[in-house]
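Here is a short report on one structure. Look at the sequence and the model first, then read on.

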Amino acid sequence: FRMRFWKTIGILNGISLLAIACAGPQWGLDRDAHHRKGRDVIIVLDLSRSMSAQQPSRRELAVRALRHLADEFEEHGGNRVALVAFASRAELLFPLTHDCDHLRHTLSLIETDDIAKLSVEDPVSGTRIGAALKLAVESYDPSRANRPVIVLLSDGDDPADDDEWQHGVEAAKAKQIRIHTVGIGDPLKAENLYVGRELLLYEGKPILTQLNEPRLREIANRTGGIYLPAHSETFPLGAFVQ
């Protein structure tokens, strides 16, 4: 009887273990963890006048790249995105969020010029990259374990040429935040600038603008980031960041 009892117990235990095995428990393993474990990405978007050059415009190419990023982030989940826009001044359009539709909505407002003006009276320059990068650094939550990355989309063209961008680089380095830069525009050909259909002139001569790749490379290199030459093509930004 005792032998039969223990044999019965053994069979029942075996059946129980088999049932548990068939249920497929995954202690300590989450198959979707790599999807939900996201990163914080702070986008810094150049909306200075030079970004309206070329056809399609540099601004349009940048917006396309950000729409691609929104689609990728929504598909994979877990990531947060914030958006800083700048011209002669910088503004945080929205803080870090998981809401990709909010990013798309803001991009639509940018396309229709329905955002706050990013200009000031008597600006030193219409392109203040450094101020925008500093605002991006200040916008993240230092209590979070993972540092964000900053992605700057710009033509790097600053007529003042006063190295103001270096202040933003130093702010990012102080917080150990990497800046990846996306160069938009033609690095070999200078383009005219227009206000509507009117050619923009300075002292009677057309104002020219050209992608400044050395500046954008320097920003990325000095913070441990990567320079991405989008040039005049639609750039799959989401695939890179993801």
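The second largest pocket draws at least two lining residues from each of α3 (58-76), α4 (100-111) and β6 (191-192). Helix α3 gives the most, with 3 residues. Helices (H or I, at least four residues) and strands (E, at least two) are DSSP runs, numbered from the N terminus. In all, 16 residues line this pocket, and Ser52, Ala53, Gln54, Gln55 and Ser57 lie nearest its centre.

This is a predicted model: local features need pLDDT of at least 70, side-chain atom pairs count only at pLDDT 80 or more, and totals for chains, interfaces and linings use all residues. Residues are numbered from 1 along each chain as its sequence is written, and side-chain values use heavy atoms, with hydrogens and water left out.

The largest pocket has 28 lining residues, and Leu47, Ser48, Arg49, Ala87 and Ser119 are the closest to its centre. A pocket is an open set of points on a 1 Å grid over the protein atoms alone, where a 1.4 Å probe fits and protein lies on both sides within 12 Å along at least five of seven lines; lining residues have an atom within 4 Å of a point. A volume is the space filled by probe spheres set on the points. The table sets out both pockets.

| Pocket | Volume | Lining by class |
|---|---|---|
| Largest pocket | about 900 Å³ | 14 nonpolar, 9 polar, 5 charged residues |
| Second largest pocket | about 360 Å³ | 6 nonpolar, 5 polar, 5 charged residues |

Ala, Val, Leu, Ile, Met, Phe, Trp, Tyr, Cys and Pro count as nonpolar, Asp, Glu, Lys and Arg as charged, and the others, Gly among them, as polar.

Now the backbone. Gln54 lies in the loop between β1 and α3. Its phi is near 75°, a positive value in a residue other than glycine. Gln54 counts as buried because its relative accessibility is 12%. Buried means under 20% relative accessible area, exposed over 50%, partly exposed in between (1.4 Å probe, protein chains only). The peptide bond from Gln55 to Pro56 is cis, with omega near -10°. Pro56 is also in the loop between β1 (40-46) and α3.

Asp161 has a positive phi too, near 50°. It sits in the loop between β4 (149-154) and α6 (165-174). Asp161 is exposed, at 52% relative accessible area.

Tyr194 belongs to strand β7 (residues 194-195). At 42% relative accessibility, Tyr194 is partly exposed.
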